[in-house]
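Biologist: I have a model open and want to go through it with you. Can you start with the terms and then the details?

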Amino acid sequence: MSSLYIECEYLKNHSYPKNQQVAALISRNHNLVLQSACTALHATRFLLPASGFGLQKNSLAFMAKLFNLLYLRTSSFMLQPSNSLKMKIYTKTGDKGTTALFGGTRVPKHHIRIDSYGTVDELNSHIGLIRDQKIDQHHKDILMIIQDRLFTIGSTLATDPKKATLKSGKARLNIPKISPGDIERLENEMDLMNDALPEMTHFVLPGGHQTVSFCHIARCVCRRAERLASALNDLEPFQPETLMYLNRLSDYLFVLARKLSHDLKAEEIQWIPQKES
């Protein structure tokens, strides 16, 4: 009964008031409400055998009603969420051509830092397009990992270096950084794919198959992201592994394009420069 009492006290102190902030708190913790309902039902089951020892019937009725009340409350809230609690996509804060970095600093949307992580986001979308193709599951798994790492890079580039450290001394961006292991994974994947490919003696023309072309487009976007990140690094240095990862990723995408050409039996057309007559 003590756990039920504690949970009911929590619900009593955090019941659905008109204050939207507290209502949002409840919406994020609807599982706690449901848990309380189940605890009430569990307590009712324990009280049923005790009814023969003079327990008043209204106590059992109270426990049953409590379960119904709590269950219906969380169910109705989950099934009919208030529109006022939905997060809006548009904020209107960027209507004058500025945006906020992680840390709150506002900069123009054409700022090189915005251009850098915006291009990483563009790259991530192109990689998602490759992952949606009919390719080997292993490649899809690696591309999923790469997309995760690109979000980390984007977050790193989006952080104002002047506000990267909190007053407590902890890093504001509390996620794993790009590691040497992330770079090594790309290198290992390239080595494995290269072992199955004929030696490259000439440059190849992008194309041959739609999926292969997607890889080449992603490779070019990756190079652009690297150029922008490199320029940003000259102005405001960041973690070296971040730049290294982008450099290695463009190589990986080139090798992946060749491997997919091989797997799809697409023609790989070499570029052989014409000679002047």
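Modeller: Contact here means heavy atoms within 4.5 Å. This is a predicted model: local features need pLDDT of at least 70, side-chain atom pairs count only at pLDDT 80 or more, and totals for chains, interfaces and linings use all residues. Numbering runs from 1 along each chain as its sequence is written, and side-chain values use heavy atoms, with hydrogens and water left out.

Biologist: Which residues is Leu-150 in contact with, leaving aside neighbours within four places in sequence?
Modeller: Val-120, Leu-123, Asn-124, Ile-127, Leu-246 and Leu-249.

Biologist: Which residues touch the most other members in the largest nonpolar core?
Modeller: Leu-150 is one of them, along with Leu-123, Ile-130, Ile-146, Leu-249 and Tyr-252. That core has 42 residues. A nonpolar core is a set of buried Ala, Val, Leu, Ile, Met, Phe, Trp, Tyr and Cys residues joined through side-chain atoms within 4.5 Å. Buried means under 20% relative accessible area, exposed over 50%, and partly exposed in between (1.4 Å probe, protein chains only).

Biologist: Which helices each supply at least two residues of this core?
Modeller: H5 (112-131), H6 (137-157), H7 (180-195), H8 (210-235) and H9. H9 gives the most, with 10 residues.

Biologist: Switching topic. How many helices and strands does the protein chain have?
Modeller: Nine helices and four strands. These are DSSP runs numbered from the N terminus: helices are H or I with at least four residues, strands E with at least two.

Biologist: What share of the residues counts as buried?
Modeller: 34% of the 277 residues in the protein chain.

Biologist: And contacts between residues at least 6 apart in sequence, what share joins residues at least 24 apart?
Modeller: 72% in the protein chain.

Biologist: How many aromatic pairs does a search of the whole structure find?
Modeller: One. Phe-203 and Trp-271 form a tilted pair, 6.4 Å centre to centre with 50 degrees between the planes. Rings of Phe, Tyr and Trp (its six-membered ring) pair if their centres lie within 6.5 Å; planes under 30 degrees apart count as stacked, over 60 as edge-to-face and the rest as tilted.

Biologist: Which parts does the pair tie together?
Modeller: Phe-203 lies in strand S3 (residues 203-204) and Trp-271 in strand S4, so the pair links parts 68 residues apart in sequence.

Biologist: Is Phe-203 buried or exposed?
Modeller: Exposed, because its relative accessibility is 59%. Trp-271 counts as partly exposed, at 44%.

Biologist: Where is Ile-269?
Modeller: In the loop between helix H9 (240-263) and strand S4 (270-271). Ile-269 is partly exposed, at 40% relative accessibility.
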